[in-house]
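Here are my notes for you on this one. Have the picture open while you read, and follow along point by point.

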Amino acid sequence: MNTCLCNRALLLLSAGEGTSEQHAHLATCASCAAQYRRFVHDLEAIEQMLRETSPSPTVARRFFPLRLRWRPVTAAFAATLVLVWGGLWLRQPSWPPVSDEARIEDVSRFLADEVSPALFATVDVRTAPIPAPVSNSVYLQAALEGGWPCEWQEPFPTPICEIHPFPLLLGGQ
Amino acid sequence: MHYARVFQLCRLLLVDRHEAEEVAQEVFLKLVKQCQSHSQILSWEAWLTRVAVNACRDRRRSAWWKWWREEHTEFQEAEFSSNRLTPEQQILSREQQERIWRLFRALSPRQREVFVLRRLEGLSSKEVAQVLGLTIGSVKRHLFHAIRHLRKGLGDC
């Protein structure tokens, strides 16, 4: 082997990887031998430095930056929370303004459709026709038939109403 | 003796002394469990190396570790600096040390494993290949790339 060794071969030789031919060439080639010794020296210096020194951070430097970094993180988190809360609050469904007349109409329509028209009148109470007064004979007839027995009694009710309520109820039907 | 070797291996693979201490303890806990299981292991040294490398890999894979390495890559002054350094090695300036440690950190995990096992732990290429599950050619390739990369820290390539 007469040609000089390439840097790759010399680096590997310095690291202990090489063929017998390459080692033989080193013995005959001064320039390759010089380069090889330089590589070996550098590699030993690197290895010695890695063995004898340590890049380990100290405990204080380990945790202090962590504490400092939590401040902007916490602030950003709080700001995000505020923005999310504000966005949700603004997105709440807002009812369109409804006039009183429209609302009354809606309620009236609901009552008219869903509830018996016999119970709720949709007309104004003041304009509604007043039913004609019933004559006393109607009440008398009902009393004779046992319908409304307690209507004309004294202020102190007799035990009849309390003792026999069922015939009255049955009789009124 | 074995603990010091395992700790040194973990320290170099993780580039963090505190993490290395934890991982080395985990490795020896596994060793105790292995001893209790009465399993026959031919070479405890090789077993320790393999378990340590795998434990360091597991630690590197954890999310917390990734975050920590990305956030805290500052070089710290050597805690291991000792008077064992020869004057020749002490010529290396601190800036050079910083550069080399940064370059060492920048190595891929595989390149770092190969370099540490082959050059700093003194394993042969065949042993490295067995521990890492690689071919010998692959070990040499990773070793070459690692050395070439680290030499940049010395100011010449």
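1. Is Leu90(A) buried or exposed? With a relative accessible area of 66%, Leu90(A) is exposed; buried means under 20%, exposed over 50%, and partly exposed in between, using a 1.4 Å probe and protein chains only.

2. A quick word on the ground rules. This is a predicted model, where local features need pLDDT of at least 70, side-chain atom pairs count only at pLDDT 80 or more, and totals for chains, interfaces and linings use all residues. Residues are numbered from 1 along each chain as its sequence is written, chains are lettered from A and ligands numbered from 1 in the order in which they are written, and side-chain values use heavy atoms, leaving out hydrogens and water.

3. Trp101(B) and Phe104(B) are three residues apart in helix α6 (residues 94-106) of chain B, so about one helical turn separates them. Trp101(B) is buried at 0% relative accessibility, and Phe104(B) is buried at 0% too.

4. The rings of Phe104(B) and Phe115(B) have centres 6.4 Å apart and planes at 65°, so they make an edge-to-face pair (rings of Phe, Tyr and Trp, the last by its six-membered ring, pair if their centres lie within 6.5 Å; planes under 30 degrees apart are stacked, over 60 edge-to-face, the rest tilted). Because Phe104(B) lies in helix α6 and Phe115(B) in helix α7 (residues 109-120) of chain B, the pair ties together parts eleven residues apart in sequence. Phe115(B) is buried as well, at 0%.

5. Phe104(B) also has a charge above it: the charged end of Arg112(B) sits over its ring, 5.6 Å from the centre. To count, NZ of Lys or CZ of Arg must be within 6 Å of the ring centre and within 35 degrees of the ring normal.

6. Still on aromatics, Tyr3(B), Phe7(B) and Phe28(B) form one cluster. Over all chains, the count is five aromatic pairs.

7. Back to where we began: Leu90(A) belongs to helix α4 (residues 59-90) of chain A. And Arg151(B), in helix α9 (residues 136-151) of chain B, counts as buried at 3% relative accessibility.

Technical notes. Helices (H or I, at least four residues) and strands (E, at least two) are DSSP runs, numbered from the N terminus.
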